[in-house]
Amino acid sequence: MGLTMGLNLLLLMAMVATNILSLYHLSSTVQSPKATPTAQPVPDHLLHQLHTIRSAINHLTRLQHPTPTASSNAATATSSASAAVPPDLLLYSQLSPIASSCHNHPDLLHQYMNYTPFSMCPYDPDLAETLILRGCHPLPRRRCFSRTPSKPSSSLPLQPFPSSLPDSNVIWSKYSCKSFSCLNHYNPSLGFDPSLDSSRFSSYSSDLDLPVPQLLHIARSASSPLRLGVDIGGGTGSFAAAMKAHNVTVLTTTMNLGAPYSEATALRGLLPLHAPLQQRLPVFDGVADLVRCGRAVNRWIPDTVLEFLLFDADRMLRGGGYLLLDRFFSKGPDLENKYKPLIGKLGYKKVKWATANKTDSSGIKNGEVFLTALLQKPVSK
């Protein structure tokens with residue numbers, strides 16, 4: 001009995017001594033860390049982006065686990081259902097990144113993600129575009145089925161310039177017009193009548209025009225053929241349609257601002273990219289032969305945003321590729337004093353540079369001018 005107790009006491013003392021030695025070793029290791037190389041300073045713009053991302057995560061965390069306060073307890077009972085974060089928003093935020101600007105519009109984001117998984121999606125294209133235009137792009141993915149027209153036409157146009165577009169392939173509920181003919185009646189220049197568009201990029205009527213056959217001839221003469229292109233702000237895809245007739249593939253960026261531009265583009269056998277002007281386009285570096293900026297790119301775009309847009313076009317273009325500014329408009333003095341130097345930062349060769357007065361009511365009132373410029377990217381820098 002006494003021997004057993006003595007042995008147990010000895011083992012206990014050994015275990016205590018071992019733990020004390022372990023703690024001593026651990027504390028000495030923590031207190032005397034190995035020298036680490038000096039970290040490089042983080043640029044201010046990256047710190048700002050990290051702060052923005054952290055704010056978004058913190059916002060979602062607070063919404064998931066709200067801290068009760070004296071002032072909020074009274075409102076909790078009535079607003080808990082509406083304030084709760086949709087489960088799929090929290091799930092998606094754990095799986096994939098969400099654009100940092102989304103946290104600035106939590107109510108819109110929650111509304112967009114507040115749906116029943118594995119059922120029909122809400123018909124909310126306006127809400128989606130509102131978020132996109134506010135920088136919440138790309139939008140979170142959803143696990144629901146997109147709505148389609150109830151009785152779509154079984155025969156789709158095979159040519160990019162059909163005589164008409166089928167109305168039954170569009171959901172018209174959110175538009176004041178309920179047909180393409182209605183849109184054409186109020187504004188024939190929108191491009192919803194492809195038959196009227198067929199000669200738009202093939203004829204020459206002023207120095208501002210650059211017909212597609214002439215553009216292709218210029219590229220061939222410079223041993224820089226056109227095969228792949230991006231049309232930024234391409235509306236209903238008329239430029240892409242004209243290029244398709246010459247076996248050139250052009251991706252069109254467009255938004256459904258007041259009319260079904262994306263659906264019209266797709267009905268012509270062209271691919272619409274639902275992306276805003278202010279976002280980096282999901283096209284790989286140095287693969288495009290041509291980037292065109294249509295009338296959507298104009299003086300209303302803030303200068304810094306326009307500068308980033310032009311350099312994103314440069315990123316997509318291969319050496320020897322072309323940037324086409326098609327009827328860019330601005331105030332006359334601004335073209336010379338502001339936009340010409342901005343465009344000049346690219347260091348491109350001027351193949352065409354033509355200007356003319358903008359003669360509509362807005363152009364006359366504001367003293368605006370049009371610019372059509374074809375610029376070639378250097379083969380190497």
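What follows is a friendly conversation about a predicted model of a protein.

Modeller: Residues are numbered from 1 along each chain as its sequence is written.

Colleague: Happy with that! How many helices and strands are there in the protein?

Modeller: Helices (H or I, at least four residues) and strands (E, at least two) are DSSP runs, numbered from the N terminus. By that rule, the protein has 14 helices and seven strands.

Colleague: What percentage of the residues in the protein is buried?

Modeller: Buried means under 20% relative accessible area, exposed over 50%, and partly exposed in between, with a 1.4 Å probe and protein chains only. The protein has 381 residues, and the buried share is 39%.

Colleague: Let's turn to Asp197 in helix α8. Is Asp197 buried or exposed?

Modeller: Asp197 belongs to helix α8, residues 194–197. Its contacts (heavy atoms within 4.5 Å), not counting residues up to four places away in sequence, are Phe161, Gly191, Thr236, Ser238 and Arg268. Its relative accessible area is 8%, so Asp197 is buried.

Colleague: And how far apart in space are Asp197 and Phe239, C-alpha to C-alpha?

Modeller: In sequence, Asp197 and Phe239 are 42 residues apart. In space, C-alpha to C-alpha, the distance is 9.3 Å.

Colleague: What is the relative accessible area of Thr252?

Modeller: Thr252 sits in strand β2, residues 249–254. Leaving aside neighbours within four places in sequence, Thr252 has contacts that include Asp231, Gly234, Ala240, Thr265 and Leu273. Thr252 is buried, and its relative accessible area is 0%.

Colleague: Now the helix pairs. How are α5 and α6 oriented to each other?

Modeller: For α5 (residues 106–113) and α6 (residues 125–133) the axes come within 10 Å and cross at roughly 140°. Angles under 35 degrees count as roughly parallel, over 145 as roughly antiparallel, 65 to 115 as roughly perpendicular and the rest as oblique. The two helices, α5 and α6, are therefore oblique.

Colleague: Which residues of α6 meet α5?

Modeller: On the α5 side, the residues are Leu108, Leu109, Gln111 and Tyr112. Their partners in α6 are Leu127, Ala128, Thr130 and Leu131.

Colleague: Which residues of α6 are buried?

Modeller: The cover over the buried residues of α6 includes α5 and β3 (272–274). Those buried residues are Leu127, Ala128, Glu129, Leu131 and Ile132.

Colleague: Just after α6, which residue takes a positive phi?

Modeller: The phi in question is about 95°. The residue that takes this positive phi just after α6 is Gly135.

Conventions. This is a predicted model: local features need pLDDT of at least 70, side-chain atom pairs count only at pLDDT 80 or more; totals for chains, interfaces and linings use all residues. Side-chain values use heavy atoms; hydrogens and water are left out. Axes are lines fitted to C-alpha atoms, for helices over the stretch in contact, and angles run from 0 to 180 degrees between N-to-C directions.
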